[in-house]
Amino acid sequence: MDTLYKVLGALSDVVWGPPLLILIVGTGIYLTFRLGLVQILMLPAALKQTFSKKHDKNAEGDISQFQALTTALAATVGTGNIVGVATAIVLGGPGAVFWMWLSAVFGMATKYGEAVLAVKYRVKDANGEMAGGPMYYLEHGLKQKWLAVLFAIFGALAAFGIGNGTQSNSVANVVHDTFGIANWITGLVLMIFAALVIIGGIKSIGKVTAVFVPIMAIFYVFGGLLVMILNITEVPGAIMTILEMAFSTEAAAGGAIGAAIRYGVARGVFSNEAGLGSAPIAAAAAKTDLAGRQGLISMTQVFFDTIIICSITGITIVMSGLYTTTDSQGAGTLTSNAFGHFLGDIGPIIVAIGLVFFASSTILGWAYYGEKCFQYLFKNPSLLIVYRVLFIAMVFVGSVISLDLIWTFSDVANGMMAIPNLIGLLGLSGVIALETKKIREKLKEEKAQA
């Protein structure tokens, strides 16, 4: 096991080296300017579209646009928002939070582009359901099926890490530390819950996440805001520490500027998944009349996930100062300890309950992503049950194995997913720009008619 961890660690260092970080952030920067600052100038319109009930219910798709958003949010808002942020701060210092913010701003343009292409090139599968995502826009848009196959392979594998094992592992550990419940018991409960929902497919997942996601996000955000309001005088100092350490050349909490950038961007991508190509798989299932409309709704995922939820975690941890005495082994409970530092015994309970909700929903979202990648590779619908059984079993396995091992595996798989997806986004940026022009004109028309 130690040998495997070392091999994966070395591979992760290569995959998440400067080339991939430049490609991820660079793609976001390129799309930002190619699309006319879409994530900034059209954010108000995007938020309005997200919560609007006037969407075309007769448009093609399997689930509502809001259900597509909550399914994607279910997959993105997970342990990355609690444990991932803590790990980034421990390994890269407080400055890592700034690089998470920066990558998120540009990542909104990336997420927008992914969703646009997912809807543009989606198809109906053998079951009569919508199928879309990088596999389809790489094959039918970019005309590079080999890249589509590569993405699908790594997507199907990554689902067992980022969307499964890391989630159940983090939940089992925090529940054990907070409530004294054995890891295997938590793993068993999570596995049963996942099985009951996953077997029902995307419509079942969409219905559950539409209720689940708003409740869990409000619960955790309220807890974090309570910490900040009660300690409002410490918030400016924490933000200044984050900004100062983002450009510091001196090692702090284990990371100089290179580590701050590396872990800030990597954990930011783990959290909001911009550039990975996962969320557009859910976006493709949405009932929508225009690809750009779903693109606007999808880009709000990054806003909610990183700009709001990750910021609450990061600022709370920096305010507590506990990151200075925590190593990578203790990162899993750092957020709980930080909340406990300010709220006493109720702090860890808020984090534990929040993590249970976050991780459970992430497992549901990624079950859909993984099976769509698997379906792309193996056209036989009868084989899908095999993937679902393996995925459900991994929920239990993840709860009882090494955290470091599974996080490192996730980093590698995520990076390998991102490469073909980002190539597709750059190659099809002209298509994204054209669809952006269409949605801008459509929204002007709708505003004039209102």
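Modeller: A residue is buried if its relative accessible area is under 20%, exposed if that area is over 50%, and partly exposed in between (1.4 Å probe, protein chains only). Helices are DSSP runs of H or I with at least four residues, and strands are runs of E with at least two, both numbered from the N terminus. The structure is a predicted model, in which local features need pLDDT of at least 70, side-chain atom pairs count only at pLDDT 80 or more, and totals for chains, interfaces and linings use all residues. Residues are numbered from 1 along each chain as its sequence is written, and side-chain values use heavy atoms, with hydrogens and water left out.

Biologist: How do you know that the length of helix 18 is close to what is expected?

Modeller: The expected span is 1.5 Å times one less than the number of residues. For the 32 residues of helix 18 the expected value is 46 Å, and the helix reaches 47 Å from its first C-alpha to its last.

Biologist: What makes tryptophan 366 and tyrosine 369 an aromatic pair, and of which kind?

Modeller: Rings of Phe, Tyr and Trp (its six-membered ring) pair if their centres lie within 6.5 Å; planes under 30 degrees apart are stacked, over 60 edge-to-face, and the rest tilted. By this rule there are twelve aromatic pairs. The rings of tryptophan 366 and tyrosine 369 lie 5.1 Å apart, centre to centre, with 75° between the planes, and form an edge-to-face pair.

Biologist: How do you know that phenylalanine 160 and tyrosine 387 form a pair, and what does the pair tie together?

Modeller: Their ring centres are 5.4 Å apart and their planes stand at 65°, so this pair is edge-to-face. Phenylalanine 160 lies in the loop between helix 9 (145-158) and helix 10 (161-179), while tyrosine 387 belongs to helix 19 (residues 384-398), so the pair ties together parts that are 227 residues apart in sequence. Both phenylalanine 160 and tyrosine 387 are buried. They belong to one aromatic cluster, together with Phe374, Phe378 and Phe391.

Biologist: Why is lysine 379 said to sit over the ring of tyrosine 376?

Modeller: The term applies if NZ of Lys or CZ of Arg is within 6 Å of the ring centre and within 35 degrees of the ring normal. The charged end of lysine 379 is 4.3 Å from the centre of the tyrosine 376 ring and sits over that ring.

Biologist: What makes a set of residues a nonpolar core, and which residues have the most contacts inside the largest one?

Modeller: A nonpolar core is a set of buried Ala, Val, Leu, Ile, Met, Phe, Trp, Tyr and Cys residues joined through side-chain atoms within 4.5 Å. The largest has 133 residues, and those with the most contacts inside it are Trp16, Tyr112, Met135, Leu296, Trp366 and Phe391. Helix 18 contributes the largest share of this core, 15 residues. Leucine 296 is in contact (heavy atoms within 4.5 Å) with Val38, Met42, Ala46, Tyr112, Ile439 and Leu443, residues up to four places away in sequence not being counted.

Biologist: How do you know that the buried residues of helix 11 are on the same side?

Modeller: The buried residues of helix 11 are Thr186, Gly187, Leu190, Ala194, Val197 and Ile198. They cover an arc of only 100° around the axis, which puts them on the same side of helix 11; the arc is that of the directions from the helix axis to the C-beta atoms. On the other side, Trp184, Val189 and Leu196 are exposed.

Biologist: Why is lysine 143 called exposed, whereas glutamate 273 is called buried?

Modeller: Lysine 143 has 61% relative accessibility and therefore counts as exposed. Glutamate 273 has a relative accessible area of 0% and is therefore buried. Lysine 143 has a positive phi of about 65° although it is not a glycine, and glutamate 273 likewise has a positive phi of about 65° without being a glycine. Lysine 143 is found in the loop between helix 8 (134-141) and helix 9, and glutamate 273 in the loop between helix 14 (257-272) and helix 15 (279-283).
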